[in-house]
Amino acid sequence: MLEMIICVVALVIAGWAIAKNYDAKVVLFAAGLVLMFVAVVMGHPVLGAKAASGLSWVDPFKAIKDLFVSQYSNAGLIILTLFGFAAYMSHIGANDMVIRVLSKPLSHIRSPYILVPLVFWVGTLLSIIIPSASSLAVILMATLYPVLRAAKMSPLTAAGVIATTATIVPTPLGGDNVVAARVLGFEHVVDYVVYHHAPITIPALIIMGIAHYFWQKYLDGKDKGGAAAEFDESRIAQHEVDAPVWYAIFPVLPLFLTIFFWACFKHVKVGLVEITIFSFILAFVCQLARKGNVKSNIKDANLFFKGMGEGFSQVVVLIVAASTMVAGLRAMGMIDMISNSIAGVENASTGLMFAFSGITALITFISGSGNAVFYSFIELIPQIADKAGIDPIMIALPMQCTSNLIRSVSPVAAVMIIVAAVVKANPLVIVKRTSVPILAGYVSVMLISFLRYV
């Protein structure tokens, strides 16, 4: 009982700190280490007999080392290479070219409300290429926003649609999908995305686009064409793109190749790391042939490794920090207590789905970041679901979608602050614009998940 109280107190303090925008990585590492050392003092083993160091007070540090090693050999390396590839694609102008190619047909549509769902769906596709919601918002505000204004779309409608583009896209290149697939025991991330993520999120995305159409039209009518908003060009980076149109193929090449090998050569062990490195080398060779300056291009290629460093600091460390807290909870016996308490309980799957999704929604709304919450909880799901005799996907998938959706209604989320700053509006005004489509997406995800997995 004492262990449970200590764990709850630690979780409450960690949740409060994350909600107050303390660095999530440091908070989770600290919470995990404290719990592991408390477990040592109370006589509980932190590591199994085979993994233990021989000195109980050293085991918490060895546990963290083991977590770093396991992440590098699994999802971590995939995330690093994807971040490195994205950094290089941005530098050579390939990402900008994809956006221009996909956005060009939209410039021929002059009905602003027909554009609303189309822009939302195109933006969702673009989030496959640019996984960061805030980065995608900056680029779309610079490139797509003027096109939307030329089509007579109100400033707040355009801002509201752009703020919701990076949410629940079903892509094997997404870091959260890579982690979820690994934790849930899928050999290939495409299996998780195609058979589980996409059947839930694609209908939800369609519903969200339709909800955007009616909600933005209603608010524009209510506000007499939309509340006043201006475009602040100083808030976005303006730059010329020195890249040919055919460069647009490079950012989507890993996606095409991943699906191709998964569909046609399942017996061949070709993973995302190999595919991403191949795509990077191909882009580098083409850039070298086009530019001709060997020294300059080799220097630019170093951006791939700098991008890997960003992936490490932004995502991999966060995953390890979340796993450290889970290790602390496990050492204190809390996970076993929860698992045993729900074993054999009727409708436990429904209760757990709403409980985990609800907690995720609350912390994401307050903190503006869903990744820390998702990475913290995803490690708990398999063991709890196994003891309860339920499908772990029913808990994990709605929680994952919730963490991505609720970010777009949090007034302190980076993407909301960026969009609001560009159009010189209060973030709460943008939240009003995103609220109903996001609510429609959330309800859709929960309902479809319930119908599919119960």
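User: What should I know about the model before we start?

Analyst: The model is predicted, so local features need pLDDT of at least 70 and side-chain atom pairs count only at pLDDT 80 or more, while totals for chains, interfaces and linings use all residues. Residues are numbered from 1 along each chain as its sequence is written, and side-chain values use heavy atoms, with hydrogens and water left out.

User: Which residues touch the most other members of the largest nonpolar core?

Analyst: F356 and I430 do, among the 149 residues of that core, which is a set of buried Ala, Val, Leu, Ile, Met, Phe, Trp, Tyr and Cys residues joined through side-chain atoms within 4.5 Å. Here buried means under 20% relative accessible area, exposed over 50% and partly exposed in between, with a 1.4 Å probe and protein chains only.

User: Switching to salt bridges, how many are there?

Analyst: The count comes to 4, where a salt bridge is a side-chain nitrogen of Lys or Arg within 4 Å of a carboxyl oxygen of Asp or Glu. In one of them, R433 pairs with D220, with the closest N and O atoms 3.0 Å apart.

User: And are R433 and D220 buried or exposed?

Analyst: R433 is buried, at 2% relative accessible area, and D220 is buried as well, at 3%.

User: What about K25 and D23?

Analyst: Their side chains meet in a salt bridge at 3.6 Å, N to O; K25 is partly exposed at 22%, and D23 is partly exposed at 39%.
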